[in-house]
Amino acid sequence: MTRKLFFLLLCLLSLGRLYAQNASQAWWGYWNTTQGLRHSLELSDGASQCAIRLTAKATPSLAGSLLHGLRFYIADKTVVTGLTVWASQRQFSGSADVVAKNVPLDQLKDHQHDGLPTEVLFDEPIAILPKGNAYASIYVGFTVSVATGHTLQLPTSAVIGGGQNSCIIDWKGYDSSYGALAMQVLLSNDDFATLVLQPQQAGTELIVPAGTTQELPISFTCEGTQPVSSFDYTVTIGQQTQQYSVSLDTPLSEFGATATVATRMQMPDQAKAYDCLIEVTRVNGQPALASAQSPCTVLSQMPLRRSVMEEYTGTWCPNCPRGDVALRLLDEQFADRFIGISVHNADPMAIADYDGSAAKRRFLDGYPSCAIDRLIPCDPYLGLNFASKTFQTNQLVDYALAQPTVADVELSARWNDALTAVDLQAATTFRYSADEAPYALAFVVTADSLVGEGDGWLQVNTFAGSTEWDEPMRQFTEAGRSVKMAYNHVAIAVAGIDNGLAGSVAAPVEADVPQLFDHRFDLSGNVLVQRKDLLHVVAMLIDTRTGRVANAASTHVEGATAGLASVKGQKPAGIAGRYTLDGRRLTAAPRRSLHIVRRTDGTVKKTW
């Protein structure tokens with residue numbers, strides 16, 4: 001070997017060691033190994049393009065980085081006939097790749113056989129997302145060819161959802177049901193910190209009862225290039241501070257890798273709004289400083305949570321019968337803790353104030369669709385699993401009911417003596433004291449057993465004759481293509497439906513002191529008032545910061561006998577309590593379920 005050749009090889013080996021050991025390098029992705037994997041994507045035979053998109057606006061910490069390579073997961077390498085990795089500035093088609101590299105098939109790893117990712121380094125680092133260019137972006141991904149007659153599954157994050165740039169298949173964009181694509185890019189950047197651990201309160205706003213010991217889920221995210229194996233931190237709420245130390249069995253070795261720690265802490269005794277301050281003080285035994293602050297609301301007691309489903313439907317919609325069945329099933333399962341509202345479109349039961357509302361436009365995704373507490377958009381029957389033919393929305397209502405809230409809401413409603421208007425009173429009782437009250441009440445009048453003549457009252461039914469759906473759908477699978485039926489939960493009048501009524505909640509709020517708000521619905525000309533004894537009123541407490549429904553209540557409108565009139569000059573006895581058949585007291589009238597009513601005059605009767 002000549003001296004010149006030997007010197008060249010020595011230089012190359014040295015460069016390789018520097019490349020592999022560069023302290024500023026880090027694996028980065030919308031997915032990381034702490035999120036786990038699931039096989040949620042399926043590619044058909046032929047060639048498919050799969051990528052993530054890095055943008056200067058969405059990921060400013062990556063500005064000025066060099067791209068060295070990528071790693072990704074596939075489920076089964078035996079069906080792959082070709083694979084190319086690349087980086088590209090194209091958006092949907094057209095321009096040339098920045099770089100592309102064919103991958104020999106014998107270098108592929110897969111999740112099914114190896115449990116490992118395939119890692120590919122480019123021959124040279126590539127400059128991406130130049131500093132100062134706020135609109136810079138680059139796609140990084142691979143093109144995979146699948147053998148004829150086969151399919152290939154791509155693992156994604158076990159955590160459903162992700163950023164809009166986290167999963168791009170054939171440039172069709174991101175579907176939140178996928179999860180983030182299990183792919184990472186190897187980057188280097190002189191601005192990357194060596195050792196940073198950023199804390200953050202995991203989950204939703206912290207809402208807890210006063211004077212109790214709680215487990216606070218706190219997440220810690222690695223934002224440096226050096227793996228994190230241990231750290232110390234403090235938590236401060238009010239005047240109370242506690243210190244904690246953590247040693248990780250598996251170090252956080254990726255940029256963005258996260259560990260969630262259940263932190264036990266005593267809550268203050270006073271019911272009020274606090275800030276929860278989390279401070280990291282040491283990482284891997286070295287002094288460090290990173291902090292996060294989030295709201296913590298301490299309550300005198302935990303309010304009773306009720307959940308609202310706003311279902312968007314129409315008699316013209318052939319798939320909408322499943323929404324009607326879902327509301328009945330949810331009524332039966334959750335009784336007084338579930339409230340259903342059926343919002344009709346382009347049929348005789350549609351009302352413009354609700355059908356054209358901004359709240360509806362925010363969640364409508366075709367018909368049928370719905371929103372649970374204006375938090376979870378989903379199908380009213382299938383929930384989030386559109387591949388199934390079974391009722392699953394109850395799982396989402398369970399989740400919604402488990403979310404804590406800050407106030408109790410109670411409601412009463414009664415016809416006026418002339419039976420032309422409904423007078424209601426809402427009592428909102430916050431369980432903490434605060435100077436601010438970013439909440440407001442919205443109200444809906446709903447009707448049950450609505451019927452009518454003409455084609456507009458016939459429900460179009462695509463389920464006729466189907467054998468794929470589960471038993472609760474039999475009502476429609478055994479019916480014809482058009483069904484004459486009675487409609488329940490139908491919204492017939494609204495007030496403040498988008499953001500609540502001004503003045504319905506006033507600041508400041510005082511713990512355990514009810515705020516009363518009165519409202520009148522004039523229903524004298526409302527043609528959808530068919531049975532005055534079959535009306536309900538719904539109150540929704542809306543968080544005006546987020547638009548979500550924080551709590552709700554529903555009540556039967558009293559003061560009308562079966563039919564259109566009540567007895568003049570005689571007020572019926574009030575309701576002393578409602579009970580299930582096994583004696584459990586209900587906090588409000590359940591919809592369309594058999595229960596017991598005890599009146600103030602001592603009489604007791606079963607009612608529907």
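Colleague: What is the handedness of the link of Cys317 and Cys320, and what is the angle about the S-S bond?

Modeller: In this predicted model, the link is right-handed, with 85° about the S-S bond. The sulfur atoms of Cys317 and Cys320 are 2.3 Å apart.

Colleague: How many disulfides does a search of the whole structure find?

Modeller: One, formed by Cys317 and Cys320.

Colleague: Are Cys317 and Cys320 buried or exposed?

Modeller: The cut-off for buried is under 20% relative accessible area. Cys317 has 2% relative accessibility and so counts as buried; Cys320, with a relative accessible area of 2%, is buried too.

Colleague: Which cysteine sulfur is nearest to that of Cys378, and how far away is it?

Modeller: That of Cys370, at 3.4 Å. A disulfide needs sulfur atoms within 2.5 Å, and Cys378 is in no disulfide. Cys378 is buried, because its relative accessible area is 6%.

Colleague: Where are cis peptide bonds found, going by omega?

Modeller: One joins Tyr367 and Pro368, with omega about -5°. Pro368 sits in the loop between α4 (358-363) and β22 (369-372). Another joins Ala507 and Pro508, where omega is about 0°; Pro508 belongs to the loop between β29 (490-495) and β30 (515-522).

Colleague: Which residues have a positive phi although they are not glycines?

Modeller: Asn284 is one of them, with a phi of about 55°. Its place is the loop between β18 (273-283) and β19 (286-299). Ala335 has a positive phi of about 50° and lies in the loop between α2 (321-334) and β21 (338-344).

Colleague: What does the secondary structure of the chain come to, and what share of the residues is buried?

Modeller: The chain has six helices and 36 strands. Of its 608 residues, 50% count as buried. Among contacts between residues at least 6 apart in sequence, 73% join residues at least 24 apart.

Colleague: What pLDDT does the chain average, and where is the pLDDT below 50?

Modeller: The average is 86, and 85% of the residues score at least 70. Over residues 563-574 the pLDDT is below 50, though this stretch has 21 contacts beyond near neighbours in sequence. Residues 600-606 also stay under 50, with 18 contacts beyond four places in sequence. Where pLDDT is low, predicted coordinates should not be read in detail.

Terms used: Residues are numbered from 1 along each chain as its sequence is written. This is a predicted model: local features need pLDDT of at least 70, side-chain atom pairs count only at pLDDT 80 or more; totals for chains, interfaces and linings use all residues. Side-chain values use heavy atoms; hydrogens and water are left out. Buried means under 20% relative accessible area, exposed over 50%, partly exposed in between (1.4 Å probe, protein chains only). Helices (H or I, at least four residues) and strands (E, at least two) are DSSP runs, numbered from the N terminus. Contact means heavy atoms within 4.5 Å. pLDDT is the predictor's confidence in each residue, from 0 to 100.
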